Structures are given as C-alpha cells and as structure tokens.
Amino acid sequence: MTNRNKRRRAGYREPRPATTQARATGAAARPGLLTSLFTPRVAGSTNMPRLGSSILRGLTVTLGTPALLLGTALLVLLGWIAALRWGYQGPAPELASMLAMTPVGTLFDLRLTSAVLGVGGGPTALLSMLPFAIVRSILTGVILGLAVEILDSGRSSVSGARRGLRVAPLVLVVGVIQLGFFIVAGYLGALIPGLAMFVRVGTVTAAVYLLAYAPIVQLREGCGVLESLSTGSRAARIPGTGSLAMALLFTVPALAISQLPIGGFGVNPSAWTWVFVLSVNLLHVSVIATYAYRWMCIEDEVPDPTVRAPSRRR
C-alpha cells in the first residue's frame with residue numbers, strides 16, 4: 001500500500017475537492033452512472049498491486065483475522081442447520097457458495113429459494129428470494145466493514161462492522177442490478193444456444209467488473225448510491241489495474257465450482273465435504289477483502305467525471 005494510503009484515517013475519508021474546471025464554471029459535478037462509463041480513461045502508471053499480491057493480501061486479511069475466520073465457520077454452520085431445517089440437503093457446492101460476492105451469491109440465493117420454497121422462475125421467485133438477498137447484503141456489508149478497518153488500522157472492531165452495515169442497502173442494489181445482467185444473459189443465451197455458457201460467464205464478469213467497487217466506494221467516501229456506482233465503474237476502467245482480469249479470476253472458478261458433481265451435504269457430512277465447503281467460503285470472503293484492498297490502493301487515482309461547461313446563449 002502506498003504511503004498516502006497508510007496515512008488514511010479509519011472510516012470515511014474527507015470528500016475530495018471539486019475539480020478546477022467545475023470551480024471555474026460553477027457547475028456541480030454530480031455524475032450519472034452512464035456518464036461515468038464513457039468518460040476518458042486516465043493515462044500513466046497506477047499504484048494497483050499485481051493480481052497475485054492483491055489476492056495474497058485478501059487471504060492474509062481473512063485468515064489472519066479471527067472475526068473473519070471464525071465468523072465464516074460459524075456462518076457456514078448456521079447455514080447448514082437452517083438448510084436442514086428447511087429440508088434441503090444439497091448439493092454441497094450450493095453451500096460452498098453461501099458467502100460468495102454478488103452476483104454469484106445472488107444466483108445461490110435464487111437456487112436456494114427455488115429448492116426450499118418450490119417456486120419456479122419469474123417474478124414469484126425473485127420476490128421470494130428477497131429475504132435471502134437482504135441477509136446476504138448485511139453479511140457482505142459487515143465483511144467489507146471489517147476488511148476495510150483491518151486494512152486501515154490493523155485491527156477489527158464492532159465499529160467496523162457497524163460501518164459496514166451502512167452499505168448493506170447499496171450491496172442489495174448492486175445485487176439487483178447484477179441479477180438484471182444475468183436475466184438479460186439468459187435471453188441472449190437462448191438466442192444463441194451454442195454460446196450460452198460464454199454469454200453467461202461474460203455477463204456475470206461484466207457485472208462484477210463494473211459494480212464490484214461501488215459498496216467500497218460508499219464505505220470509504222460516504223457518498224450516495226449513484227455517485228458510488230459511478231466512481232466504482234470509473235475505477236474499474238483505469239488502465240493497468242487489471243480489473244477485468246480480477247473479475248474473470250473470480251467469476252470463472254466460482255461458476256465452475258457451483259457446477260461440480262459433488263453429492264449433498266446431508267445430516268452427517270463427511271470430513272471432506274466440510275473441508276471443501278469451509279475452504280471455498282473462506283476464498284469467497286478473501287475475494288471481498290481483496291476488492292477492498294485494491295480499491296484502497298487506487299482511490300486517489302480515480303479520475304473525476306467530465307464536467308461540461310454550460311452553453312452560452314448568443
């Protein structure tokens with residue numbers, strides 16, 4: 001992490017000053033999401049570490065923090081008990097995706113809803129999935145809050161988890177948008193059946209690439225929903241950061257693991273099943289921590305949105 005990031009205070013950062021052009025024109029720079037997708041990319045080097053270093057940092061944060069390590073094991077145990085109570089006993093890869101970042105985790109919620117409640121696709125399944133999605137948003141927000149606090153101050157506390165709860169609504173919004181990406185991918189895949197899997201992977205990857213940083217932006221900057229989505233997408237598009245490669249590195253293995261031909265977890269899972277489920281969930285938590293670390297390395301490099309000067313009437 002750079003020296004400037006080491007000097008960060010825990011919690012929210014002070015808002016960055018307005019750009020010179022904005023001050024000159026008197027325009028308030030409040031960008032929209034679509035505007036941010038087409039702003040010019042910045043040139044030059046970046047402080048973003050290599051993918052290997054980023055992933056190692058995320059794993060270190062997860063495995064070296066009792067709150068994340070033990071919390072993951074406890075959540076998996078509670079999820080297993082709840083699934084058995086609802087009469088659901090597998091397959092094991094479903095439980096292994098319990099703490100996955102959206103949209104992979106959202107797909108898990110959708111499949112679990114269909115299995116437990118016996119609903120098919122369509123609006124009924126989406127509405128029935130909402131309680132699971134809310135719980136996921138809360139858990140993801142808490143994990144983000146703890147990860148950011150650890151990276152910022154080297155410790156975890158209740159205040160970090162409490163700050164993470166504040167971004168849970170945005171995590172839910174991001175999950176809904178990403179689910180929309182997946183629904184569109186389903187229609188496109190039906191049009192070209194031979195490439196359906198590539199369309200699905202590409203769509204999920206694009207959703208992660210554009211939206212993964214948004215909750216972390218809100219956590220660090222304290223800005224609104226649209227500004228967080230906008231800033232996160234601009235950060236992903238900074239050249240040299242490897243954001244697309246990171247998105248692929250998460251989505252491809254995560255989707256592949258969810259399709260593994262492993263049996264159910266049942267009432268008395270084998271030791272191998274427990275190791276598999278716990279290990280994959282720890283990797284999913286480390287991915288969340290990795291994204292937090294990667295944002296904190298480049299948060300000062302994110303370009304401001306293009307501000308157009310108001311046209312003068314003749």
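Me: Is Asp152 buried, partly exposed or exposed?
Reply: In this predicted model, local features need pLDDT of at least 70 and side-chain atom pairs count only at pLDDT 80 or more, while totals for chains, interfaces and linings use all residues. Residues are numbered from 1 along each chain as its sequence is written, and side-chain values use heavy atoms, with hydrogens and water left out. The classes rest on relative accessible area, where buried means under 20%, exposed over 50% and partly exposed in between, with a 1.4 Å probe and protein chains only. Because Asp152 has a relative accessibility of 13%, the residue counts as buried.

Me: With which residue does Asp152 form a salt bridge?
Reply: A salt bridge here is a side-chain nitrogen of Lys or Arg within 4 Å of a carboxyl oxygen of Asp or Glu. For Asp152, the closest N and O atoms of the pair are 2.6 Å apart, and the partner is Arg220.

Me: How many residues apart in sequence are the parts that Asp152 and Arg220 tie together?
Reply: Helices are DSSP runs of H or I with at least four residues, and strands are runs of E with at least two, numbered from the N terminus. Asp152 lies in helix α8 and Arg220 in helix α12 (residues 214-221), so the separation in sequence is 68 residues.

Me: Which residue forms a salt bridge with Arg220 at 2.7 Å between the closest N and O atoms?
Reply: Arg220 counts as buried, at 0% relative accessibility. The partner lies in the segment after α15 (271-298), 79 residues from Arg220. That partner, with closest N and O atoms 2.7 Å from those of Arg220, is Glu299.

Me: Which helix holds Glu149, the salt-bridge partner of Arg163?
Reply: The side chains of Arg163 and Glu149 meet in a salt bridge at 3.8 Å, N to O. Arg163 lies in helix α9 (residues 158-165) and its partner 14 residues away in sequence, so the pair ties together two parts of the chain, and Glu149 is in helix α8.

Me: Which helix gives the most residues to the nonpolar patch?
Reply: A patch is made of residues with over 30% relative accessible area and no salt bridge, like charges being joined within 9 Å and nonpolar side chains (Val, Leu, Ile, Met, Phe, Trp, Tyr) within 5 Å. The nonpolar patch has about 720 Å² of accessible area together, by the Shrake-Rupley method with a 1.4 Å probe, where only the protein chains shown count as cover for residues. Both α10 (168-191) and α11 (196-211) supply at least two residues, but the most, three, come from α10.
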